[in-house]
Amino acid sequence: MIGSGSNPFSTRFVRPGTITWVEGNVDVDRLVAQFEANQFCGQIVGPHGCGKSTLAHEVARRVCQRFATTRFVSIRRIGLGLEVHSPGEPLSVFRNTLLVIDGFQYLPLVQRWLLKRSCLKSDLGIIVTTHRHQRWPKMVTELKPTLDIFQQVCERLQLDVERKLDSRSIATAFALCDGNCREALMALYDKYESKFDLVGTSGVVDTSVMTDLIV
Amino acid sequence: MSRPLAIIQFDRNPAEYSPTDVLTCEYRVELHPNEQADNRKIIALETSVLWRTEGKGDTDIGVHFFERREKKMVQRELLEQTQRLTAVLPTAPLSYAGQIVKVVWLVRVRMFMADGSEKTFDEVFQMGNVERFEPEKTTAPSEEKE
């Protein structure tokens, strides 16, 4: 539940796995069937902020009962190194596990090959998200969110808050960020802060950086 | 929200505390009045005092106080009684409501049901009194006429 002083566009509400998937131009049931046919090995390809991770979580949610455990791994590039984030226990047991790897393209080639081999030769299931095609069985290659889907996501995020951003602000953010939902949600976070002045201070909040968004 | 519910009440109104203060609050669980089967669904109950960050970056969390009750301690008779929680607050971090990041202190009651579901109830309190940072406004230098 979102508290009265919380910004509904904070990371903790908008991170993948927290946002529920909005049915749009992707048939998730078909994806799940495809994933099963490919021995539970699949990739979701798309640019930044198109919803790859959220879709991966949704597919994982629908197939997780077939596995003993589900693990989410997020890989990010930090400078020349990699940051691997995996909530829960250390990643050592792979038997009968569904592994969801976000940012798969950052892994070295050998590790990518080893993971694919493990998936095809054991009871490990893997869903990876990547910006480029990785010679894995495809699940989605043209993931493109629409304004209508983004509006629905924002409506859900603002369900429990009294003060809401209007649809025009949401549409402007979506257009300015060129359809990158993650960037658009970050822009709406700023918009929400500046519009509603959540802390209630008498000081003036500098909104000059977001003047384009202010209606 | 459907029952069971947890109602948390602080000993101060407004709930404002200073570092090293003793935080005292009471909580009680409101069960279904008639549905015995549903009441038995609670298998464990956790109470905690914690802080978390909110904003545009990754969320951090720090648990200052934690208590778990299960088995006999979550029987109907005990659940319906008002329970008291006491914790000495630390010196940091202080509550902060910035534009990019916020530090939020809260008391959390978390119920674990027999069917594997969870219910979480949070009540926010203020820890310390930090004013929000406001960047100084810079004014463009006026053009001097020669």
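1. The note concerns a predicted model. Its largest nonpolar core has 28 residues, and those with the most contacts inside it are B:Leu23, B:Val49, B:Val107 and B:Phe125. At least two residues of this core come from each of strands S1 (5-10), S3 (22-30), S4 (42-55), S6 (83-88), S8 (101-113) and S9 (118-127) of chain B, and S8(B) gives the most, with 5 residues.

2. Apart from this core lies another, of 25 residues, which includes A:Val153, A:Leu157, A:Ile170 and A:Ala184.

3. For B:Val107, leaving aside neighbours within four places in sequence, the residues in contact include B:Ile8, B:Phe10, B:Leu23, B:Cys25, B:Val49 and B:Leu85, and B:Ser48, B:Asp122 and B:Glu123 are also among them.

4. On the surface, A:Val110, A:Trp113 and A:Leu114 form a nonpolar patch whose accessible area together is about 330 Å². A:Trp113 has its place in helix H4 (residues 109-121) of chain A, and A:Trp113 counts as exposed because its relative accessible area is 53%, where the cut-off for exposed is over 50%.

5. A:Arg135 is found in the loop between strand S5 (125-130) and strand S6 (138-140) of chain A, and A:Arg135 is exposed, with a relative accessible area of 70%. Leaving aside neighbours within four places in sequence, A:Arg135 is in contact with A:Gln43 and A:Lys116; the C-alpha atoms of A:Arg135 and A:Lys116 are separated by 9.7 Å, and these residues are 19 residues apart along the chain.

Notes: Residues numbered from 1 in each chain as written. Chains lettered and ligands numbered in written order. Predicted model: local features only at pLDDT ≥ 70, side-chain atom pairs only at ≥ 80, totals over all residues. Heavy atoms only, no water. Helix = DSSP H or I, 4+ residues; strand = E, 2+ residues; numbered from the N terminus. Buried < 20%, exposed > 50% of the residue type's maximum accessible area, 1.4 Å probe, protein only. Contact = heavy atoms within 4.5 Å. Core = buried A, V, L, I, M, F, W, Y, C linked by side-chain atoms within 4.5 Å. Patch = residues over 30% accessible without salt bridge, like charges linked within 9 Å, V, L, I, M, F, W, Y side chains within 5 Å. Areas by Shrake-Rupley, 256 points an atom, 1.4 Å probe, with all protein chains shown as cover. Salt bridge = Lys/Arg side-chain N within 4 Å of Asp/Glu carboxyl O.
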